[in-house]
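Please read them with the structure open beside you.

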Amino acid sequence: LRRYNYQEMEVGKLIKCFYGIQEERIKVYSIFNAAHHEYMSTSPEYDFIKYRAQVKLVTEQFTALSRQVIDVIRQLRECHNEAVAILLEKLQAAEKEKLEMTAQLHLMRKTVADQTAEQKGASEEGLVQLKRRYNHYVCSV
């Protein structure tokens, strides 16, 4: 992950840094989703140790990216750009919600995969509804 020195950056450069952070987030989401797909492909035994290690790495990356956004927001406030700082805070909160929903989707997919045919009906419907909510949420952000 790239690390920036945000102090004394002008607003335009801070916003470019934010876009760079968002690009990194997209890459980390891709790694997270690929790790889950790989984990699911090891059914029925599931290679949980490998998956847990991948989730730990992804969590560390998301945490580092969030800290960088917080640094950008802090610097925007120091540059007296409260409106932009507030907007980025809202986006940061939306990213947190998106990550939580992604984890819920991963968990629900595993739950459905592990159920018997008789149990799957309600769980599959819940998964479909969660996917819809997730897609709607992502599009609205």
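**Notes on the model**

1. Tyr134 counts as buried, at 15% relative accessibility, where buried means under 20% relative accessible area, exposed over 50%, and partly exposed in between, with a 1.4 Å probe and protein chains only. Its place is in helix H4, residues 117-140; helices here are DSSP runs of H or I of at least four residues, strands are runs of E of at least two, and both are numbered from the N terminus. Leaving aside neighbours within four places in sequence, Tyr134 is in contact with Lys98, Met101, Thr102 and Leu105, contact meaning heavy atoms within 4.5 Å. Tyr134 and Glu97 are 37 residues apart in sequence, and their C-alpha atoms are 9.5 Å apart in space.

2. On the basis of the coordinates, this is a predicted model, in which local features need pLDDT of at least 70 and side-chain atom pairs count only at pLDDT 80 or more, while totals for chains, interfaces and linings use all residues. Residues are numbered from 1 along each chain as its sequence is written, and side-chain values use heavy atoms, with hydrogens and water left out.

3. Turning to the overall fold, the chain holds 4 helices and 0 strands, and from the N terminus on its elements run α-α-α-α. The C-alpha trace spans about 60 × 30 × 15 Å along its principal axes. The radius of gyration of the chain is 18 Å, whereas a compact globule of 141 residues would have one near 14 Å; this radius is taken over C-alpha atoms, and the globule rule is 2.2 Å times the number of residues to the power 0.38. Of the 141 residues, 33% count as buried, and among contacts with a separation of 6 or more, 66% are made by residues 24 or more positions apart.

4. How do H1 and H3 pack? Their axes are 11 Å apart and meet at an angle of about 5°, the axes being lines fitted to C-alpha atoms, for helices over the stretch in contact, with angles running from 0 to 180 degrees between N-to-C directions. H1 and H3 are therefore roughly parallel to each other, since angles under 35 degrees count as roughly parallel, over 145 as roughly antiparallel, 65 to 115 as roughly perpendicular and the rest as oblique. The residues of this contact divide into 12 nonpolar, 6 polar and 5 charged, where Ala, Val, Leu, Ile, Met, Phe, Trp, Tyr, Cys and Pro count as nonpolar, Asp, Glu, Lys and Arg as charged, and the others, Gly among them, as polar.

5. The largest nonpolar core has 22 residues, of which Phe62, Val72, Leu76 and Leu88 touch the most other members; such a core is a set of buried Ala, Val, Leu, Ile, Met, Phe, Trp, Tyr and Cys residues joined through side-chain atoms within 4.5 Å. H1, H2 and H3 each supply at least two residues of this core, and H1 gives the most, with 10 residues. Apart from it lies another core, of 6 residues, among them Met101, Leu105, Leu130 and Tyr134.

6. Leu88 is found in helix H3 and counts as buried, at 6% relative accessibility. Not counting residues up to four places away in sequence, Leu88 touches Phe18, Val72, Ile73 and Leu76. By contrast, Arg109, also found in helix H3, counts as partly exposed at 31% relative accessibility.

7. Some backbone details deserve a look. Most residues other than glycine have a negative phi, and most peptide bonds are trans. A cis peptide bond, with omega about 5°, joins Ser43 and Pro44, and Pro44 lies in the loop between helix H1 (11-40) and helix H2 (48-78). Tyr46, in the loop between H1 and H2, has a positive phi of about 60° although it is not a glycine, and Tyr46 is buried, with a relative accessible area of 14%. His80, in the loop between H2 and helix H3 (82-114), likewise has a positive phi, near 60°, but His80 is exposed, with a relative accessible area of 73%.
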